[in-house]
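Colleague: I have a structure open and would like to go through some of its contacts. Please walk me through them.

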Amino acid sequence: MEAEAKREAGGPAFVLLFDAPTDAGLERAHAARLALLAQNCSRVLGFAPRVTWAPLPPLNCRGGAEELTTGPGAGLGQRLDALAREGHGPAFVLPVSFDFGLESKHWLTQVVREQQRRCPELLVHYDTQSVTHPLLVQCFVDGACRALGELKVASPNELGLLLVANGAADAETRADSYKLMRLIWEQLGASRGDVAFVRHARHPLPEQLSLCSRTGPSWLLLAQYLWPCEQLEYARVITRDCTQQFSLNARLSEPIGEHPGVQAWLEQRCLELHKSWRGRQEARTSSRKYMAPPPGRIHGPTGQVAIDRSSPSDESVRFAGGLIAEIQGADELAQLLQGFGVAAGRVVVKPTWHGYATGTYTDPLALDTLLAAVGRGAVVVEGHTSSKNNVSVDWDWESQAREHRTWIGEQDQLYLEKTGLRQTLSTRGASYLNVTEAYWDERCADPREVTQLLADRGVALRFKELAAYVPAVLFENRGLPLISFARFKGPTRLSISNLFGLLPEPLRAAWHGPNISYFAQVCCDLAKLYGTLFELYGLVESLSVAVRWERSGLYRSRWGNYDLLPRPGVVCLSRGVAVADVLAARLQGQDVLRSAFFDVVQAELGFDVALASAELPAELVRRFV
């Protein structure tokens, strides 16, 4: 248990295997490169991984496990030992060398096996690389174009391409060099193409340059190297001597390591390896049949505390007034709500009922948990939505919806029945108010009264027509707690966006506006309107499932494909909706300071900017990202 807790605290780590540096400044360059790699990966992963590197032993010293702790091959083993001691895990090993062939792969397998035997608590995963990766091919093409500027060739018919590789590994790496040459040759349109090796007996560089001198064209020598090294210096000396000896018009290109595409290649490999591991972990869900569920926990800035042993009203367990917690049921949720002053009794609940897309709406399980927590007498408020109908219609939703209100109302009731939500409302003694029906029945509050009340509180709306959309029965019961009950389903589709459903039109396309900023302004105006009339709370939940958007996801909706994360059990709660959404967005990997949606939220509703960089529980971030 202690080892598992230590590994959870350390988090994943990436180890890049570089050829042993022979240039004095290369180690410093590697350190800067890895720092940037960690920073860019953290924006996607949602947490900061440990990124380090280890030198590859010389090719003739890649003998296997016996060199794990001593000799030239000790670097990787020592690095993995250090990560295990620091509590990191799993470790992802990525070879970054153009001389990493079959023998090297066998060496890596042996080293990892020995490491697993000696330190089984550290899980190690590794991948292979391809020199013909599209990003690398583009890096070589760009390097070739820069060298062509010095070669001064009039047309492609006068150009020959000679790929200069090390060649000291095995036949597989040399075959990859030929594949790479062919891909670059096709892009450049050169008349001839060939490969030369610096450290191999067949097709050595001097012999190839001698053959090039007899063919006529000018020759571009493309160096298949990432960074400066001894072998590249040998190639430069040989090229200089042979061009003088054979009167050959040739230029040797520079290594490609500083090209931005190389950094992107490394980032893509890190992310794909982590994603592959994450997918395997999700497929290995163990049976919990005989396991008692763990007690609910509040994840605060200084650590975790059990809900039943804490006071949710204690500011020390909150992030700028917001709360992150794992809960197991209604009793624990009730305790959290009471800590924010939401006592059992009449409460207004705005769920997320926009359509049938699996897992994306407030389902009976989540709704039942909330209604059980707040007690009988809750008022659930929602509007008609065009996506709730289960058949196609040939009339216009924007101009003719009111004429077909009977049919739309039937579809709304069918939605509640088919999803099981009607039974939940009945069981928990909750009533249902439809804002669209109230608006069509002209049973909304006098907008002048609403506007006056807003003015008395110093609140101004950008969209003043919103004051005419408040149902009269809600206005008469102003001052009650109103909970915007949203699901974890993307960094901006949370409790603020959930208020969008309080607009009465069944089709709200015009309110979406031309961009995300316009949409955010509408949602923030609704938050200001209902936040003035009620005690507004944001509650973002993942009680049954959470949504993670993936282009290759199993499920499909009108917004794209997605996968479902089974029962993370995490909630974010705050007075007002901004803080809960910032916390939930950051748990899903969103940098809220680089979001147009949250730029509007900050300007209109406000939240502590320090919350955007506060350290959140890494274990929860990894659960969603």
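Colleague: Which residue forms a salt bridge with Lys 105?

Modeller: First, this is a predicted model, where local features need pLDDT of at least 70, side-chain atom pairs count only at pLDDT 80 or more, and totals for chains, interfaces and linings use all residues. Residues are numbered from 1 along each chain as its sequence is written, and side-chain values use heavy atoms, with hydrogens and water left out. A salt bridge is a side-chain nitrogen of Lys or Arg within 4 Å of a carboxyl oxygen of Asp or Glu. Here the closest N and O atoms are 3.3 Å apart, and the partner of Lys 105 is Glu 172.

Colleague: How many residues apart in sequence are the parts that this pair ties together?

Modeller: Helices (H or I, at least four residues) and strands (E, at least two) are DSSP runs, numbered from the N terminus. Lys 105 lies in helix α4 (residues 102-118) and Glu 172 in helix α6 (residues 171-188). So the pair ties together parts whose separation in residues is 67.

Colleague: Is Lys 105 buried or exposed, or in between?

Modeller: Buried means under 20% relative accessible area, exposed over 50%, and partly exposed in between (1.4 Å probe, protein chains only). Lys 105 has 25% relative accessibility, so Lys 105 counts as partly exposed.

Colleague: Which helix holds both Glu 186 and Arg 182?

Modeller: These two form a salt bridge, with the closest N and O atoms 3.4 Å apart. They sit four residues apart, about one turn of the helix. Both lie in helix α6.

Colleague: What is the N to O distance between Arg 236 and Glu 254?

Modeller: Arg 236 is in helix α8 (residues 230-246), and Glu 254 is in the loop between β8 (250-252) and α9 (260-282). The pair links distant parts of the chain, 18 residues apart. Their side chains meet in a salt bridge at 2.8 Å.

Colleague: How many salt bridges does the structure hold?

Modeller: Some are linked in a network: Arg 297, Glu 326, Glu 619 and Arg 623. For the structure, the count is 31.

Colleague: What is the order of the strands in the open sheet of three?

Modeller: Two strands pair if DSSP finds at least two bridges between them. β17 (545-549) and β18 (555-557) are the edge strands, each pairing on one side only. β18 and β19 (residues 560-566) pair in the antiparallel sense over three bridges. The order is β17-β19-β18.

Colleague: Which residue in β19 stands opposite Arg 556?

Modeller: Strands of a sheet pair through backbone hydrogen bonds, either parallel or antiparallel. In this sheet the pairing is antiparallel. Opposite Arg 556 stands Asn 561.
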